[in-house]
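Me: Could you walk me through this model before I set anything up with it?
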Amino acid sequence: MYRKKIYKSYFTYPALFFYILLFIIPVILNFVYSFTNWNAIKMTGETVKFVGLDNYIKIFQNKELIRVIFRTLFFAAVTTFFKNIVGFLLALAFNEGLKTRNILRAIFFLPAMLSPLIIGLIFGSVFMKNGFANQLLIVLGFENLTRSWLTTKSTALGTTMFVEIWRQVGYHMVIYLAGLQLIDKTYYEAAAVDGANEMQQLIFITLPRIIPSLIINLLLSLSQGLKAFDIIFVLTGGGPSGSTELINTLVFREFGKKLYGMSSAYGVILFVITAVAGLLVLKLRDDQDE
Amino acid sequence: MKKLTNKVMAASLVVCMAASMLAGCGNSAPEEADTAEMTGAAEEADATKKADTEETTESAAAGEINLMASQNWIKDVDNELFDKFEEETGIKVKVSLTPDNEYETLLGTTLSGGSDVVDMFMYGAGSQMISAGIPDVAVDLSGEEWVNNLEIWAVNANTYDGKLIGFSTWGVDYEGVLYNKTYFEENNLEVPETWDEFMALCDQIKGLGVTPLYEGINGTWHTQSWVYAMTPLMAKENPDYIEYLNESKDNKFADFKCFRDGLGQIEQLLAAKEGSAPKYYTNDGQAEDWFGSYISLQDRETVMMFTYSAYAAELKANGCTDEFGMFPLPVLDNKTAVSNGGGYSKFINKNSKNIEACKALLNFLAEDENLETYYAARTDLVTASFKDVESVAATTATTDVLSRTEEPVVMLIKDVLYWDPDVYKYLQGMADGTTSSDDFISNVDEYRETMFDTVAE
């Protein structure tokens with residue numbers, strides 16, 4: 001250990017100061033406000049009064065909330081599953097072999113760099129009544145399948161999931177690619193000499209060594225799924241009739257009603273769910289380590 | 001030990017990750033900034049920047065007026081007049097625009113605590129300004145010269161407690177069912193006077209191979225207009241319905257038989273299906289489906305829409321050559337149109353250091369020549385708030401609806417406190433069969449109850 005090369009701890013103080021000021025304090029305030037009736041119903045005179053657990057009681061008396069929580073979990077689970085499966089398959093495909101792999105990597109990563117607003121506007125047009133998706137179906141002879149994908153209750157959530165997966169899959173592909181690049185080639189050479197086929201190499205060499213990338217991707221995609229807001233907001237606004245409403249869009253809606261205390265309480269609930277999901281993934285990693 | 005440390009570190013990271021979404025909830029400002037970024041409009045981002053106290057205080061001292069408004073309330077002609085005002089007086093008008101959805105939140109933050117961040121701001125006249133507490137922060141303009149030239153409705157809408165506080169250059173518009181008059185004449189269709197006739201008309205139009213109505217039901221604001229169309233019925237059932245509903249949380253919409261019955265008829269229209277698709281209306285299938293109406297009506301994909309009468313001018317400006325008329329929505333055989341009560345007004349912040357400059361601006365805008373310029377450009381306004389303005393032009397739909405209606409009634413949202421912002425969801429639910437009109441009414445009353453309680457606390 002080269003002790004002289006370790007910087008003094010007070011070098012962290014400025015960063016710590018701003019982190020506490022701009023992040024930790026607002027988070028703590030959010031918890032505090034969730035126990036108040038903070039509102040700005042009268043625009044020129046905001047009210048803040050401690051109301052104990054009233055906000056939480058009202059929230060859990062709301063039948064819609066349970067549906068919204070399950071919908072959020074479902075959204076996060078489905079998008080996490082497909083982002084990882086498709087991302088991993090893309091990473092395998094573009095890891096080596098293809099001459100055009102660098103260009104293809106860039107193409108698949110591109111959506112992750114685009115603003116959700118732009119993506120929302122594009123896909124809003126793609127999935128509208130006379131949009132590209134329906135035109136394509138008509139050309140392919142599936143006219144009976146055409147519909148307004150984002151404004152039909154039965155298809156709206158699935159369509160938003162598709163867009164979210166399309167948007168983020170390249171990002172997860174890059175993380176898997178980084179993991180694949182770290183696997184020593186000699187493992188594959190030795191396995192090939194021993195007569196292992198590609199599937200066996202994938203199962204016994206690639207998959208066990210890609211676990212760290214999987215954990216990171218699971219954490220990130222779960223977090224993205226649970227916190228999804230922008231893409232939903234732009235594509236459907238939570239509709240039709242609440243069928244794509246997630247916890248974060250609900251938080252925004254309560255905020256829009258100027259019920260800030262209630263909105264904070266919804267935020268705390270989402271915080272708890274996200275933290276539990278994250279801890280479960282870490283537990284998975286620890287079990288794997290052991 | 002190392003493993004335990006790793007675990008603690010990992011757990012802390014997860015907590016921080018989860019907490020990142022809460023950071024925005026602890027304070028309104030970041031939420032607003034996020035939204036501005038998300039909507040992507042540069043002007044919206046500018047609005048946030050412009051709300052800088054220090055800069056505004058400096059600008060006021062330098063002879064500048066900072067005017068805050070929602071993004072659709074300031075038009076090109078406003079900026080032209082502000083430029084002309086600057087040429088004449090040397091006083092610059094800096095306009096801060098914000099997204100429509102965020103305006104109230106931003107304005108509330110801006111005005112709170114006696115701030116002089118903005119010198120002037122815009123807001124809805126009538127009960128909207130009263131319930132938002134605007135009279136507490138607005139300068140009394142009763143003594144200004146231009147007040148004598150205002151139409152009576154504009155005086156009433158901008159007055160509270162005997163003091164006129166708002167300056168309006170908007171206008172009253174009327175709402176009803178816009179119909180393609182040319183198409184109706186070509187196909188010998190009659191304007192309906194009862195609900196049964198209206199439904200029969202819809203079936204008749206369907207028989208001609210056309211979808212009767214364009215209805216932007218996926219958006220958050222439009223379909224609510226059908227509910228406002230029931231205002232004349234409520235006024236008929238109880239002439240003091242506004243006072244009644246505003247008096248107490250115990251006075252409910254559920255107490256109005258006409259509201260329940262009328263909503264039932266609207267439900268009948270919205271929920272009717274042909275296969276899995278709506279029977280009587282269509283839209284472009286986007287979440288924000290308002291703009292699809294221009295093309296739909298222009299191409300005669302649809303021939304009617306519930307909207308405001310100035311919309312006929314918008315269709316004309318969009319290249320539509322058909323003539324449009326309008327009739328009151330005959331829900332429960334109603335024959336009275338509703339009016340919007342007068343639009344948005346300008347108010348002077350009483351904490352501004354620049355009140356005299358603001359008054360000079362209002363005097364300038366109220367000059368005859370400038371009013372004519374303004375209304376000539378505002379083809380979306382069908383009446384003027386000032387007397388004897390010649391350039392304001394009613395549309396064919398305005399003339400038609402006024403010829404068919406008794407004295408129009410101001411729509412209920414302008415007067416009744418605490419209108420549930422989730423009403424659009426209930427209407428979407430009625431259309432897909434998951435919400436009944438009874439659910440609608442109990443939700444609306446429940447929201448009002450919460451608001452009454454919250455304010456009382």
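The chat below goes from the overall fold to one pair of helices.

Me: What kind of model is this, and how many helices and strands does chain A have?
Reply: This is a predicted model, and chain A has 13 helices and zero strands, so that is a DSSP assignment in which the elements are numbered from the N terminus.

Me: What does the C-alpha trace span?
Reply: Along its principal axes, the C-alpha trace of chain A spans about 75 × 70 × 30 Å.

Me: And how much of chain A is buried?
Reply: Of the 290 residues in chain A, 42% are buried. As for contacts in chain A with a separation of 6 or more, 68% of them come from residues 24 or more positions apart.

Me: Switching to α7(A) and α10(A), at what angle do the axes cross?
Reply: In chain A, the axes of helix α7 (residues 153-181) and helix α10 (residues 211-226) cross at roughly 160° and come within 9 Å.

Me: Parallel or antiparallel, then?
Reply: Angles over 145 degrees count as roughly antiparallel, and α7(A) and α10(A) are therefore roughly antiparallel to each other; their crossing is right-handed.

Me: Which residues meet there?
Reply: On the α7(A) side they are A:Gln168, A:His172, A:Ile175, A:Tyr176, A:Ala178 and A:Gly179, and these meet A:Pro212, A:Ser213, A:Ile216, A:Asn217, A:Ser221 and A:Gln224 in α10(A).

Me: How many of those are nonpolar, polar or charged?
Reply: The contact of α7(A) with α10(A) has five nonpolar and seven polar residues, with no charged residues.

Key:
Residues are numbered from 1 along each chain as its sequence is written. Chains are lettered from A and ligands numbered from 1 in the order in which they are written. This is a predicted model: local features need pLDDT of at least 70, side-chain atom pairs count only at pLDDT 80 or more; totals for chains, interfaces and linings use all residues. Axes are lines fitted to C-alpha atoms, for helices over the stretch in contact, and angles run from 0 to 180 degrees between N-to-C directions. Helices (H or I, at least four residues) and strands (E, at least two) are DSSP runs, numbered from the N terminus. Angles under 35 degrees count as roughly parallel, over 145 as roughly antiparallel, 65 to 115 as roughly perpendicular and the rest as oblique. A crossing is left-handed if the near helix is turned anticlockwise from the far one by less than a right angle, and right-handed if clockwise. Two residues are in contact if their C-beta atoms, placed from the backbone, lie within 7 Å. Ala, Val, Leu, Ile, Met, Phe, Trp, Tyr, Cys and Pro count as nonpolar, Asp, Glu, Lys and Arg as charged, and the others, Gly among them, as polar. A residue is buried if 20 or more other C-beta atoms lie within 10 Å of its own, exposed if 12 or fewer, and partly exposed in between; C-beta atoms are placed from the backbone.
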